[in-house]
Amino acid sequence: MSISATPVPRQAERLRSLHSRLHLLILAALLPLLVIGAIAVWTAARDYRQNSEQRLQETATALARGVDQGVEDTINQLQLLSVLAPEAMASAPQLQRWVANNPDITLIADDSEQAAALPPGLLHAARSSRKVQISNLFSRPGSSIAEVAIALPFVHADGRTHVLAMVQPSNRLINTVLRAGSDQSLLVAVVDGNGVIAARSRAPERYIGKPVPDWETLQRIGGRHGMFNASTKEGQQVIFAFTMLQAAPGWALVVGEPQQSFQARWQRPLIGIILGGILAAVIALISANAIAGGILRPIRALAQRGRSIVANDVPAAEMPASSIREVRSLQDSLNDTVDALKKSADEAQDLARSLQASEQRYRAVAEAGALVLWESDRNGKVCSATGWRELTGQPNEAALGKGWLRRVSEDDLPQIEIALEQSFTHGAPMDVEFRVLDVYGKWRWLRARGAPIGKDHSRWAGVLEDVDARRQAQARITYLAQHDPLTTLPNRSVLFDKLGLALAAAQRGHASALLLLDLDRFKEVNDTLGHPIGDRLLQEVAHRIQGSVRDNDLVSRLGGDEFAVLMASEARAPEAASSLATRLVDVLGRPFELDGHQLLISTSIGIVLIDAQADAADKLMRNADLALYRAKEEGRACYRFFETEMDTRMQQRRQLEVELRAGLQQQQFELHYQPLVDLLQRRVTGFEALLRWRHPQRGLLDPAQFLALAEDIGLMVPLGNWVLRQACRDAVGWPEEMKVAVNLSVSQLAQPDLAGIVEQSLAAAGLPATRLELEITENALIANIQAASAHLLRLKMAGVSVVMDDFGTGYSSLGYLRAFPFDKVKIDKSFIRDLGEQSQGSAIIGAVSHLCAKLGITATIEGVETRAQLDQLKQEHCAEGQGYVFGRPMPLSAVPGFLQDWPARWSGEQ
């Protein structure tokens, strides 16, 4: 049989060859590589430049550290020399020898004639601050040598504070810069606080003492270190890196590198990268073009053979077999196609008729929206079932008669029989859903709908729909609505349903218990190891809880790290609940091993009994929560039963919370002030602001009665900020030498804008920062040391004094005295309470006072209540005291009278 084809006219289309598309494919494959290469080059350029900048900055930092160390060594040397005062030179051979060995260094005492040659204010600043002072660059009269003076205050034998100054050439003080001058590619210089060159690695004799041309640029940058572009004194373009000196505030060390050498260091590696990338791209294009040619040749041959077949000019000889697997497959398929076309031409007419009949049949099924069309008699025997094979995998004949019922689930047969009886007996339409077992052993949900047909309604017809997907989705939704997706435990809604059944059973005499669990230290796991580990820990906790209860007990997850256990009815419910709680505390207190981490947590449990007196599920939950709260208050890792007074206590707490919020809105709070006294001079140095609540019904309340609640409910920040503002306003009216001390809470220390709030309070009241003291407890500082340190240092630089309060009640780590420059330490009153009876308290007060004196910190003792205690404190060298012996907390209106009466009360006592 010959095969002929009639060409079908087509509109001219603009077609692209496979060759061009392969080139586009190659270009598309190379384009991401080129983009990635460009990004890599840009990233490398940025990294190389950043590395060069970092290297230059690290050089400046290292040299600055060396200069700081040199200055510190000079200060230490001056401290040793201060032991031998300059006027004792004749009787101190060691001092004479040192002066002889250092002819270019001059020691000047503050009471000598040479002191007039020192920079103005240097000696006074050292004496008043009692701290080492370093001058800017200066020259003494009659000398052109640039010098630096270091002034050290010390206490003379006569008890007065004197100052010893060491004057020396600046290049001697900063010898680290001179040693760095061996690297000719770098320019190193040290600049004093006025922007004058104090040392220089190149031509120091020409430029020391000269101003830096770009000093304003360095000051605008600010910070401890930075970089900028500038010109040297010689006119060379240089990139500078600077680091501010710590030993000499305001001084800076600057390292410069010529821009040409700086640019060459990071640009040179990029040239090799770019050339390598270009070479790789050229090689890739040549190789890709060769591969494309090898693919196209056999494909063109296939296209030519296809055109021959269409033209009914099939060549006798087949094409040579290609070495490409896909092309070989196309060749074989084309040969097979020629044979198949000959065979299919004979079968085409029969197939067309069969398709037409099938199309008519299945169009009716599709229009009905079903998979199976069925017809039966009044007895339910199926006469026809079109589509049963597609639905179950069995032949359509298997559904005839009562055969379809053999595939139905036994659990669904009763409802099918009821539906058939009602429909066939009363002639009502049938609509029922049931499960059918298919040939693969899977149960599928079907929906059968039908109605009587014919005049006598002797036959029935209908459809079967596949509703399995809908039923599974409904089951999944129901499951998710009742279970926690993380642990698969029943959720709160299921627990409340079961609580309703437990309450009903309790009314019939079947008591049970509800246990509410909350994990201790779970938040630490989430914060340190992340939520994935936290989720796995919750799953392990759920597994351990389920392993500790009986099969008929209900374990539920309420959310977060809260779980609940509803026990089944028990004859001795209290004993059973106590035993279960003990097991849970033990099993959840054992270590958990997750991804190489050993996690230690515990659980606190609140228990409420469900007996005949229980009346509501939500009340049971609230009572269990109160018992849980008591367990956490009493140390955690334990359990407590609900007691009636817990509810009363919580109601009182809630009432106080409402009144506390109202009190803050209605301005019911006021400040009282307790004096702070200089123990040596017996004079009032200031007052501590103490909060009081003028309650409308309860009278004047101390902070101990409401501050803890304010911290818990988040009112401590607005309340503490009000105290700060009010104390600043009140202190403005006191004598200028009087300070006011304000306590900061844990919540206030955690504020991100703490420094700004304090500065705004000072500015609004017009109070100088030097008159404000901020008191911080050890525990509050430990909880917020990272966040608070920067704010406190900023306030300290502004003049605010920072005080460690209640020293000795927390960790009492001396490391905090070293890590943060406190101005004052207040020793807790517990150490003076038994002073005179226990030598330990006296020894601790004396040791802390002595340590504070050495560190330049004021030591204040709290709780001085008797004259005997005051007399004994004279021996312990405490600088300041506070307590009832001096005065009780008083309202603001009493402060002027107290200050007026003070001299008469303490006159003659020193």
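Start with a cluster of rings: Tyr673, Phe687, Trp734, Phe886, Phe898 and Trp902 are linked by ring pairs. Here, rings of Phe, Tyr and Trp (its six-membered ring) pair if their centres lie within 6.5 Å, with planes under 30 degrees apart called stacked, over 60 edge-to-face and the rest tilted. By that rule there are 11 aromatic pairs.

A word on what you're looking at. This is a predicted model, where local features need pLDDT of at least 70, side-chain atom pairs count only at pLDDT 80 or more, and totals for chains, interfaces and linings use all residues. Residues are numbered from 1 along each chain as its sequence is written, and side-chain values use heavy atoms, leaving out hydrogens and water.

Now zoom in on two of those pairs. A pair of aromatic rings is described by the distance of the centres and the angle of the planes. For phenylalanine 669 and phenylalanine 706, the centres are 5.7 Å apart and the planes sit at 55°, so this pair is tilted. Phenylalanine 669 belongs to strand β22 (residues 669–678), while phenylalanine 706 is in the loop between β24 (699–701) and α19 (707–712), so the pair ties together parts 37 residues apart in sequence. Helices (H or I, at least four residues) and strands (E, at least two) are DSSP runs, numbered from the N terminus. Phenylalanine 669 counts as buried at 9% relative accessibility, and phenylalanine 706 is buried too, at 0%. Buried means under 20% relative accessible area, exposed over 50%, and partly exposed in between (1.4 Å probe, protein chains only).

Then there's phenylalanine 687 with phenylalanine 898: centres 6.1 Å apart, planes at 70°, so edge-to-face. Phenylalanine 687 sits in strand β23 (residues 683–695) and phenylalanine 898 in helix α28 (residues 895–906), so this pair ties together parts 211 residues apart in sequence. Both phenylalanine 687 and phenylalanine 898 are buried.

Phe687 also turns up in the largest nonpolar core, which has 77 residues; Leu660, Tyr673, Phe687, Val740, Leu772, Ile861 and Phe886 have the most contacts inside it. Such a core is a set of buried Ala, Val, Leu, Ile, Met, Phe, Trp, Tyr and Cys residues joined through side-chain atoms within 4.5 Å. Helix α20 (residues 716–731) gives this core its largest share, 8 residues. Apart from this core lies another, of 36 residues, including Val71, Leu107, Phe154 and Trp251.

What does phenylalanine 886 touch, leaving aside its neighbours within four places in sequence? Among its partners are Pro675, Val864, Phe898, Trp902 and Arg905, where contact means heavy atoms within 4.5 Å.

Rings meet charges here as well. The charged end of arginine 544 sits over the ring of phenylalanine 592, 3.6 Å from its centre, and arginine 888 lies over the face of tyrosine 884, at 3.9 Å from the ring centre. The rule: NZ of Lys or CZ of Arg must be within 6 Å of the ring centre and within 35 degrees of the ring normal.

Finally, zoom out to the whole chain. The protein chain has 28 helices and 31 strands. Of its 910 residues, buried ones make up 42%. Among contacts with a separation of 6 or more, 58% come from residues 24 or more positions apart.
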